[in-house]
Amino acid sequence: MGRILKQEKLTTLAEGVIVALGVALLLTGVYFFAPGLRVAVSKQLTGLTIDGGDLNNVTKGAKLPLPSETVSSTVASKGLIRIAEYAWNGNAGMIVANGGPRTTEGSLIEAAGVNLEIVRQDMVGGLRDMQIKFVEEFASGVAYPKSDKSAFAVSIMGDGVPFYITTTQKSLDEKFGKDKYHVQVLGAYGLSYGEDKVIGPRIWKDNPQSMKGCVISSVIGDGDWVVACNYAAANKININPDPTTWDANAINFVPSQDDDYINSVKELIKSQKTGYTVPLKEVVNGKLTGKTVNHKIDGATTWTPGDKMAFDALSGFTDVVSTKDFVNQMATTLVGVKEWALQHDKEVIAILKQTYVAANQMKQYDEWAVRASEAVQKTYNFETPKYWYDLFKGQKATPEQVTKNGGLDYNIGGSRVFNYADAMQYYGISDGKNRYKAVYEQVSAYLTDLNPCGFNETCKDGVVPYDDAVNLYFLTSANVGDKGSVQKITYTDTKTEVLANGQWNINFDNGSATISGSTRDLETIYNLLTQAEETKLKVVGFTDNVGNPASNVTLSNGRAQSVVAYLKGRGISGDRFQLIDGRGDANPVGDNSTASGKAKNRRVEITLLK
């Protein structure tokens, strides 16, 4: 989530970014005096799952008594379990289930006989240190580690989990021996629903290709950076993986000062208002030209309150894309120590179960949402309950703010909590579509493809595989009685607003509609559709100008149909395809007099509509 409200905080790739910045300083001289040196080539990403299915199940049930604010004496004698987490509204369900930072009288966690403490820790390095400290005590024979510097589990963003688990597992293996102790995902119970976003000029939203050559201040590798990468992948725009260089044909990221999302916004404001620039080495096709470009900051990846700061200070900027578009990307995810969890499975299952019950109460009864905001404020010791309540709901710009912003609308905040039906659906247990697996595997690809902060060199064995990183035993064992039926996502409305449009060069046999060769692009498309589950689709095929024009129309339509058939076979609903068409050799994007140009024209365009 970045640094929270000017508080000290590092993000999911915090340690790596710090190391990378140090390395970047050492390499600056090399870049300045070595024109022609080969550097990282800008890449087109394999995009993250856009599953447009808005997971928001509500299970009807009677209103339960609200928890008190008095710390429970009933469970005080039981072993204390500690969970550390970001200050994030996505944690509200667990916090209100506990009644606050410590289990309170009348709370759902007390009713389960669990003594739970929830502590705020905004630095990823701090979260990792707390889990390693926990393992140290546990390994020495302590059943319930007592140090206030330890935590059995941490709550982080689901898209940050591949990096967190991989790097934490590496630390555990080095300290205790390979594969002796493990950290695993135990479940998810909340969601970012709009608060994490890319802020930029309106033209980026209207014409994503206009982002080529832009410079965005970001915490590289973290969740909001992933939102930008998703947008680039869906629109087939290259990403420059080197934050010290500038590529006119790619989206360029520069690390914000101190790895701080607030500074990302401050740098954008400073650049737009004072002309502040950053020096970057110009690169073409991965080769330095020897020129230095002093470039303004054109946009920022951030979250609330960074977005509010930007909109208050600037005119003509909006939220270009957010987690409200990529709704399944950023789930509030519990990562625990596997060996301890299995020994204390009843308590872990009870914590998850009561969290889902509390979340379902929040969905039905505003009094529970209000009580949650009070508990969140007390747990994080920041701002007021109303502040947390309003940001949980999300807010749109007022008419006065829209006028001030040159007529452009924008949104701030927006979170969700998961009840049991949401969680079961998110992991595909109830409907067969594992949304989180698509997120995990696609972010894993981002890490290895873009190699942010030298990830591949640090983690030589690669990202921990999904099946080793995620353990759904605790979730499925929760068996919440009022889990209800899973909502069926429908696509009856006609969509008109374009979220993304990408030209995909899928391989077909010559003169045929049969897909051949690698299906990686098709996997990318599937992942994107899984992440933005509410979107509908237009699929249009094209050919080069070889052959009869009428036959080419038929061939291009057959190719579009082949892509649709593949996606349907993977579980994408047929109702999502708003248009399937073939347009032959019309609208070429390459020069048909060259082999490379013809290859570009043999394509399938997929447009995501919201």
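Two strands pair here if DSSP finds at least two bridges between them, and helices (H or I, at least four residues) and strands (E, at least two) are DSSP runs, numbered from the N terminus. The model is a predicted one, so to speak of local features takes a pLDDT of at least 70, side-chain atom pairs count only at pLDDT 80 or more, and totals for chains, interfaces and linings use all residues. Residues are numbered from 1 along each chain as its sequence is written, and side-chain values use heavy atoms, with hydrogens and water left out.

First, the overall picture. The chain's secondary structure comes to 22 helices and 22 strands. Of its 610 residues, 59% count as buried, where buried means under 20% relative accessible area, exposed over 50%, and partly exposed in between (1.4 Å probe, protein chains only). Taking a contact as heavy atoms within 4.5 Å, residues 24 or more positions apart supply 81% of the chain's contacts with a separation of 6 or more.

On to the sheets. Six strands make up an open sheet with mixed pairing, and they run in the order β3-β2-β4-β15-β5-β18. At the edges sit β3 (115–120) and β18 (415–417), each of which pairs on one side only. From one strand to the next the twist averages 30°; for such angles, axes are lines fitted to C-alpha atoms (for helices over the stretch in contact), and values run from 0 to 180 degrees between N-to-C directions. Within this sheet, β2 (residues 80–85) pairs with β3 in the parallel sense over six bridges, and Ile 81 has Leu 116 of β3 opposite. Lying across β2, β3, β5 (183–192), β15 (331–337) and β18 is helix α11 (residues 345–364), which runs at about 5° to β5.

A three-stranded open sheet has the order β9-β11-β12, again with mixed pairing. Here β9 and β12 are the edge strands, each pairing on one side only. Thr 245 has Lys 281 of β11 as its bridge partner, while Trp 246 stands opposite Glu 282 in β11. The antiparallel part comes from β11 and β12 (residues 287–296), joined over seven bridges, with Val 284 facing Lys 287 of β12. These two strands form a hairpin with two residues between them, and Asn 285 takes a positive phi there, near 50°.

Another antiparallel pair is β6 (residues 197–201) with β14, held over five bridges. Pro 201 has Phe 317 of β14 as its bridge partner. Strand β14 (residues 317–322) has six of its six residues buried, so it is largely enclosed by the rest of the structure.

Among the buried residues are Trp 225, Cys 229, Asn 230 and Tyr 231, along with Asp 224. How does the length of α7 work out? The expected span of a helix is 1.5 Å times one less than its number of residues; for the 12 residues of α7 (residues 223–234) that should be 16 Å, and the end C-alpha atoms are 16 Å apart, which agrees. After the helix comes Lys 236, with a positive phi near 55°.

Now for a closer look at Ser 217, which has its place in strand β7 (residues 215–218). Its relative accessibility is 0%, so Ser 217 counts as buried. The Ser 217 side chain makes a polar contact with the side chain of Glu 267 at 2.7 Å. A polar contact is a pair of N or O atoms within 3.5 Å; within protein, one must be able to donate a hydrogen and the other to accept it, and residues adjacent in sequence count only if both atoms are side-chain atoms. Leaving aside residues up to four places away in sequence, Ser 217 touches Val 254, Ser 256, Ser 264, Glu 267, Ile 297, Gly 299, Ala 300 and Thr 301.

Finally, the cysteines. A search of the whole structure turns up zero disulfides, a disulfide being a pair of cysteine sulfur atoms within 2.5 Å. Cys 214 counts as buried at 4% relative accessibility, and Cys 459 is buried as well, with a relative accessible area of 6%.
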